[in-house]
Amino acid sequence: MTTITLDGIAHAYTRHPRSDRDYALRPLHHVWEQGMAYALLGPSGCGKTTLLNIISGLIIPSEGRLLFGERDVTRLPTEQRNIAQVFQFPVIYDTMTVAENLAFPLRNRKMAKPAIAARVAEIAAMLELTPDLNRRARGLTADAKQKISLGRGLVRSDVSAVLFDEPLTVIDPALKWELRSKLKAVHRALDLLMIYVTHDQTEALTFADRVVVMNEGQAVQIGTPEELFERPDHTFVGYFIGSPGMNFLPAAVDGQYARVGGSRILLGASYPALTDAVRIGVRPDFVTLTAGNGPKVQVRRVDDFGRKRLAHVTLDGLALVATVPDSMDGIGTETGVTFDPAHVLVYQNEIRVEGTPA
Amino acid sequence: MMDKPWNNKAWFFILPVLVLVLFSSVLPVMTVVNYSLQDSMGVNNFFWNGDAWFRDLLDPGTEIGARFADALLRTFAFSFAALAVEIPLGIAIALCLPRRGWAVGISLVITALPMLIPWNVVGTMWQIFARQDIGLFGAALTGIGLPYNVTQDSVSAWVTIVVIDVWHWTPLVILLSYAGLRAIPDAYYQAARIDGASRWAVFVNIELPKLQKVLVIAVLLRFMQTFMIYTEPVVVTGGGPGSATTFLSIDLVKIAIGQVDVGSAAAMSLVYYIIILTACWIFFTVMTQLERRGDS
């Protein structure tokens, strides 16, 4: 029961890193709080698994300190940290029954037999594994095996954090949702710190209280799912979260207006004059096609997703995705577009610029 | 054409193979079967002898039967001794080999070297190596006061033959085990560390179960090869002292070529063949059954 502090943790797989590119993980400061569920989200190779392995002790970071509570565990071996880990592919002990699998970490820690049996029964009940307790673990389905992996972590009462490394990769799509809800239920019941690595934004946004978006070894934004959606701090977050991602248009910003091509767009805040590497970002949900108002756009195609329609349009030659209101039937080749000023954000050099309220 | 699951034209394509198998296996074996049922009074003068050779051979009361039973027992004992050393030793060495880095290639090549040496060369090498006067092995053992003498002492002869086979063929077990160990995903070791498993627990609960499949192959191959051992004892001990290291294959050659007792030898060959076949079949069935039971 503790917090985990990353104090300038960085890691390079080469021995003498010279530039930022040599780092699998660039220096990171963060405090993971007890009882919260975090997701590490990012594309392959962004350093999320490296970070997870540093926390679990499978990798010793080249720089920085890792604290569990007040204790410096940077160099402690895995077995002396109070963590549990669930891997991408289910890890079970083939020759053992489900009950023996669950008892294994406790037996290794020389716990008394009756206490082990009681604890195993308790965890099995929580994970709905009780009917299978005496079956060989090897014959079970992937999702049951993954529950066993999780169970082996949960039986230990000393566990302060559970780490998940893309645990739903090999699970049937139909069972993914079920297993994810089970994870959430376990999280609520046990009040544990959970860290969940994934490249699937739906998984991350539905599972976690806080999402850490990573790219090229850097944590580009840490926030709640709402924050990531509404106010991405970095253009990468805008692209990566949401499907389709955020629209970014090169612009010149001054005061409350942005100039995009020949059009003037009203912003929700006031900004100093910005011209260099400036883009405005706006989610397709806040760009609406209209019958006549606003700047003129050329319609290239319309995708119908059932509950919403998205139009791919060009505004002065710049590609843009906009929502099509239900009321709009015939869409010509040219129509108008409006932007919701509160959701038009300004980015300079990929980083969001905070405006002053107008 | 593809709507029926069989096609008579296919026979044409496997015909060359069938002809090859006919000449390489079927005809020689049938010749042996032919010999085993007849007796000969001289060159090409055969007459029907029924199952007499087989009855004599399988009855330990007769001279040939006793001889056969002894050789069979010795051969089984040898296979057992060689396997009992080679399998655990091979696994142990495989566990010690490096898993990554420049040392991997070097260790594997050095490990595999003995397997590349022909049997009779191995025999000759060890014959010299085991000599008490000029052989490093024999002279060293004699030097520290052990009663070691390959040609006079049957225990020495046995130990030497087993050591030769271990030296020559443990590398096969090592390479197979090493391949099996390398196929275990890292996550298993990581999970075991998190679960606080000891080195022994990792071996028993992860490595050994994952090695089961390659070990089936290793034991099967080593059993067949040790059961057919011929060259090394012939070169090193000549089957002696007395008949202490006269294994089935050696006895067979003595009867067939030494005594030109073709009928007896043919019957013996067939029984020998059936024993190997049956042993392998039983072994394979038991192992695959065990595995299947593990899945359910």
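View 1. Across the interface of domain 1 of chain A and domain 2 of chain A, 8 residue pairs are in polar contact, both residues at pLDDT 80 or more. A polar contact is a pair of N or O atoms within 3.5 Å; within protein, one must be able to donate a hydrogen and the other to accept it, and residues adjacent in sequence count only if both atoms are side-chain atoms. Helix H7 (225-230) and helix H8 (235-240) of chain A each supply at least two residues of the domain 1 side that touches domain 2 of chain A. H8(A) gives the most to that side, with 4 residues. Helices (H or I, at least four residues) are DSSP runs, numbered from the N terminus. By class, the domain 1 side has 5 nonpolar, 3 polar and 3 charged residues. Here Ala, Val, Leu, Ile, Met, Phe, Trp, Tyr, Cys and Pro count as nonpolar, Asp, Glu, Lys and Arg as charged, and the others, Gly among them, as polar.

This is a predicted model: local features need pLDDT of at least 70, side-chain atom pairs count only at pLDDT 80 or more, and totals for chains, interfaces and linings use all residues. Residues are numbered from 1 along each chain as its sequence is written, chains are lettered from A and ligands numbered from 1 in the order in which they are written, and side-chain values use heavy atoms, with hydrogens and water left out.

**View 2. Domain 1 of chain A meets domain 2 of chain A.** The domain assignment gives domain 1 (4-240) and domain 2 (247-357) in chain A; such bounds come from an automatic or database domain assignment. The contact takes 11 residues from domain 1 of chain A and 11 residues from domain 2 of chain A. Contact means heavy atoms within 4.5 Å. The C-alpha centres of the two domains of chain A lie 39 Å apart. Together the domains bury about 1100 Å², 48% of it on carbon and sulfur atoms. In domain 1 of chain A, A:Phe229, A:Arg231 and A:Thr235 lose the most area to domain 2 of chain A, together 48% of what that side buries. Buried area is the accessible area (1.4 Å probe) that two parts lose on being put together, summed over both.

**View 3. A salt bridge links A:Arg352 and A:Asp233.** Their side chains meet at 3.1 Å, N to O. A salt bridge is a side-chain nitrogen of Lys or Arg within 4 Å of a carboxyl oxygen of Asp or Glu. The count between domain 1 of chain A and domain 2 of chain A is 1 salt bridge.

**View 4. Chain B packs against chain A.** The contact takes 19 residues from chain B and 25 residues from chain A. The two chains bury about 1900 Å² between them, 54% of it on carbon and sulfur atoms. In chain B, B:Arg193, B:Ile194 and B:Asp195 lose the most area to chain A, together 36% of what that side buries.

**View 5. A:Arg152 forms a salt bridge with B:Asp195.** The closest N and O atoms are 2.7 Å apart. Across the interface of chain B and chain A there are 2 salt bridges. The largest share of the chain B side that touches chain A, 7 residues, comes from H8(B).

**View 6. A:Asn101 is buried.** Its relative accessible area is 0%; buried means under 20% (1.4 Å probe, protein chains only). A:Asn101 is found in helix H2 (residues 98-108) of chain A. A polar atom of the A:Asn101 side chain lies 2.9 Å from the backbone nitrogen of A:Tyr93.

Notes: Buried < 20%, exposed > 50% of the residue type's maximum accessible area, 1.4 Å probe, protein only.
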